[in-house]
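Okay, thanks for having me.

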Amino acid sequence: MRESLVPVVLMSHTAHIRSHRKPRRNGSTLAMRAGVAGGVLSTLAVAGASGSASAADSTTTQTLDLSALTADLATQIAQSADATQQAAANYELQAERDAAAAKAAQQAKVDLADAKAKAAAKKKAADEAARKAAAAEAASRSSERTTLSASASTSTTVSAPASGSVATVIAFLKAQVGDAYVMGGTGPNSWDCSGLVQAAFKQAGVDLPRVSGDQSTAGTPVSLSNLAVGDILYWGSAGSAYHVGVYIGDGQYLDAANPSKGVVIQDLSGYPATGAVRVL
């Protein structure tokens, strides 16, 4: 016969102490704990559902905000592109203007240089023409003087007019017009008043004194109302005249006037003479 086994339950070494024993749980306590647990779970479920809804709303909002941001960014990029294109156009226009200004300045410089060259060429041509004219005039006067001198060298001194002698005197005097006045000058390119008269009459073979005072008494006195071509005019009193010239007709006379005028033809009415003498 088998013996029945009785289970042996081991007790904690503190089980005999009342305060260390586990209290027994009654039904009401368990029921209350079950209710609390159920409520907590319900709350978590609601919170989870609410969180899911909130997450969905947040995602929608973020999606809407991103779309708006993308559109705004696209607008800004388009505006920036337009501004960049406009700036490039402005730079290109300014570059074209600068190039045109530089080209105009260069052309102006070329035109100025060309104008200066043309002006210099014209001046050179004018100077050359003036030089040739002066040389021709000097040659003509020199030839005329040579002819007069040769004519005078073949003549003899006479006390009475010879045929053509007055014309010789006048021709010589007119050939000296434009020469300078120099005190004491006796030619061939500068004269004083008595030096010119003496040289002119020498062409006709008449030797006159050198100074004005003596020339004023060298011939026959004539009145100013009865003047003839070739008469010697004087200013001042006879014998002490301070200036002389020669009457050439038509109320005019020729003289070596002064340093500012030189040898000139003048109207007798502008500077009336004191008297006159006739030697031819």
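So, how many of the residues of α3 are buried? Eight of its 10 residues are, so the helix is mostly covered; buried here means under 20% relative accessible area, exposed over 50%, and partly exposed is in between, with a 1.4 Å probe and protein chains only. The buried ones in α3 are Cys193, Ser194, Gly195, Leu196, Val197, Ala199, Ala200 and Phe201.

Quick housekeeping before I go on. This is a predicted model, where local features need pLDDT of at least 70 and side-chain atom pairs count only at pLDDT 80 or more, while totals for chains, interfaces and linings use all residues. Residues are numbered from 1 along each chain as its sequence is written, and side-chain values use heavy atoms, with hydrogens and water left out. And when I say helix or strand, I mean DSSP runs numbered from the N terminus: H or I with at least four residues for helices, E with at least two for strands.

Now the sheet. There's an open sheet of six strands, in the order β3-β8-β4-β5-β6-β7, with antiparallel pairing; two strands pair if DSSP finds at least two bridges between them. β3 and β7 (263–267) stand at the edges with a single partner strand each, so one side of each has no neighbour in the sheet. On average, neighbouring strands are turned by 35 degrees against each other, direction ignored. For axes, think of lines fitted to C-alpha atoms, for helices over the stretch in contact, with angles from 0 to 180 degrees between N-to-C directions.

Let's go along the strands. β3 is joined to β8 (residues 275–278) by three bridges, running antiparallel, and proline 221 has valine 277 as its bridge partner in β8. Between β4 and β5 there are four bridges, again antiparallel, and here tryptophan 235 is partnered with histidine 243 in β5. β5 and β6 share three bridges, antiparallel too, with tyrosine 247 opposite tyrosine 253 in β6. Those two strands, β5 and β6, form a hairpin with two residues between them, and aspartate 250 in the turn has a positive phi of about 55 degrees. As for burial, seven of the seven residues of β5 are buried.

What lies across the sheet? Helix α3 (residues 193–202) does: it lies across β4, β5, β6 and β7, running at about 45 degrees to β5.

Serine 212 is buried, at a relative accessible area of 8%. Leaving aside neighbours within four places in sequence, serine 212 is in contact (heavy atoms within 4.5 Å) with Cys193, Ser194, Ala241, Tyr242, His243 and Val244.

On to the rings. A pair of aromatic rings is described by the distance of the centres and the angle of the planes. The rule: rings of Phe, Tyr and Trp (its six-membered ring) pair if their centres lie within 6.5 Å, and planes under 30 degrees apart count as stacked, over 60 as edge-to-face and the rest as tilted. That gives three aromatic pairs. One of them is phenylalanine 172 with tryptophan 191, edge-to-face, at 6.1 Å centre to centre and 85 degrees between the planes. That pair links distant parts of the chain, with phenylalanine 172 in helix α2 (residues 165–175) and tryptophan 191 in strand β2 (residues 190–191), 19 residues apart. Phenylalanine 172 is buried at 6% relative accessibility, and tryptophan 191 is buried at 3%. Then there's tryptophan 235 with tyrosine 253, which is tilted: 5.3 Å between centres, 50 degrees between planes. Trp235, Tyr253 and Tyr271 form one aromatic cluster.

Last stop: which loop holds aspartate 231? The one between β3 (220–222) and β4 (232–235). Aspartate 231 is buried, with a relative accessible area of 1%. Its side chain makes a polar contact with the side chain of arginine 278 at 2.7 Å, and it also reaches the backbone nitrogen of alanine 228 at 2.8 Å. Polar contact means a pair of N or O atoms within 3.5 Å; within protein, one must be able to donate a hydrogen and the other to accept it, and residues adjacent in sequence count only if both atoms are side-chain atoms. Okay, over to you.
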